[in-house]
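Here is a short tour of one protein model. Look at the sequence and the fold, then read on.

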Amino acid sequence: MSIDHPIFARWPAQHPDRIQLFSAPTPNGVKAGIMLEETGLAYEPHRIDIMANESHDPAFLALNPNGKIPAIYDPAGPSGKPLALFESGAILLYLADKSGQFISADPNMRYETIQWVMWQMGGVGPMFGQLGFFHKFAGREYEDKRPRDRYAAESSRLLGVLDARLATREWVMGADYSIADISLLGWVRNLIGFYEAREIVGFDRFTHVQRWLEAGLARPAVQRGLEVTAA
């Protein structure tokens, strides 16, 4: 089996019958790897070196014109036709539907799960990422600390929302682990780890988030998913 897409001229597929993952170990990038490991779907990972600007290589842009990771190519997409897909939230939803796992078949629960994924995509990701920039990276050199403080305050608020949600639930959606959890784990882990923002957001007061994070990171598929494009 051969795959006809420009991406494979740059990143050849050794197993063209499998889902092809193009990613890097960022908070958004690990979502797809974790989900693929959790579902057991057959896939082949390709590391995209974003520091070398590989996500703006013409071959990658042919797969994702937005030039961001992760992206996937499923040679056996809906109706048996190939599907190229980007945006980590869309990828989570697609893989949940394809595998029949990590999202409820009940319509009400399904939309509530999607709601929390959208909350992560629209709030947690952008706010935590901006805090990382202003707290650890180039933005920390700015004399005006108002941007940093703004994103720290909003990140703390979002953690409070998540903490309240988890106060009476094992996982975001209750007893069942779902794509809502998968969407969030890498971001919360990154906030207190790589971004070194534990103190500035007062993370230790969010005891339910701490318990949830520890439980999520203890899952073997999560541990594998965090590493699939790390090497």
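## A place to start

Where does Ser79 lie? Ser79 sits in the loop between E3 and strand E4 (83-86). This is a predicted model.

Ser79 has a phi near 60°, a positive value in a residue other than glycine. Ser79 is exposed, with a relative accessible area of 76%.

## Other backbone features

Glu196 also has a positive phi, near 55°, and is a residue other than glycine. The loop between H7 and H8 holds Glu196. Is Glu196 buried or exposed? The relative accessible area of Glu196 is 52%. The cut-off for exposed is over 50%, so Glu196 counts as exposed.

Now turn to a proline. The peptide bond from Ile69 to Pro70 is cis. Its omega is near 5°. Pro70 is found in the loop between helix H3 (58-63) and strand E3 (71-74).

## The nonpolar cores

The largest nonpolar core has 56 residues. Leu95, Leu162, Val209 and Trp212 have the most contacts inside it. Another core, of 13 residues, lies apart from the largest one. Among its residues are Ile3, Leu63, Ala71 and Tyr73.

Take a closer look at Val209. Leaving aside residues up to four places away in sequence, Val209 touches Leu159, Leu162, Asp163, Leu166, Val188 and Phe203.

## H5 against H7

How do H5 and H7 pack, and at what angle? The angle is about 15°, and the axes are 9 Å apart. Angles under 35 degrees count as roughly parallel, so H5 and H7 are roughly parallel to each other. Their crossing is left-handed.

From H5, the residues that meet H7 include Trp116, Trp119, Phe128 and Leu131. From H7, those that meet H5 include Ile179, Leu184, Trp187 and Val188. The contact of H5 with H7 has 12 nonpolar residues, five polar and no charged.

## H2 against H4

H2 and H4 pack at an angle of about 10°, and their axes are 9 Å apart. H2 is therefore roughly parallel to H4. H2 brings Lys31, Ala32, Met35, Leu36 and Thr39 to the contact. H4 brings Ser88, Ile91, Leu92, Leu95, Ala96 and Ser99.

What is the make-up of the contact of H2 with H4? Seven of its residues are nonpolar, three are polar and one is charged.

How values were computed: Residues are numbered from 1 along each chain as its sequence is written. This is a predicted model: local features need pLDDT of at least 70, side-chain atom pairs count only at pLDDT 80 or more; totals for chains, interfaces and linings use all residues. Side-chain values use heavy atoms; hydrogens and water are left out. A nonpolar core is a set of buried Ala, Val, Leu, Ile, Met, Phe, Trp, Tyr and Cys residues joined through side-chain atoms within 4.5 Å. Buried means under 20% relative accessible area, exposed over 50%, partly exposed in between (1.4 Å probe, protein chains only). Contact means heavy atoms within 4.5 Å. Axes are lines fitted to C-alpha atoms, for helices over the stretch in contact, and angles run from 0 to 180 degrees between N-to-C directions. Helices (H or I, at least four residues) and strands (E, at least two) are DSSP runs, numbered from the N terminus. Angles under 35 degrees count as roughly parallel, over 145 as roughly antiparallel, 65 to 115 as roughly perpendicular and the rest as oblique. A crossing is left-handed if the near helix is turned anticlockwise from the far one by less than a right angle, and right-handed if clockwise. Ala, Val, Leu, Ile, Met, Phe, Trp, Tyr, Cys and Pro count as nonpolar, Asp, Glu, Lys and Arg as charged, and the others, Gly among them, as polar.
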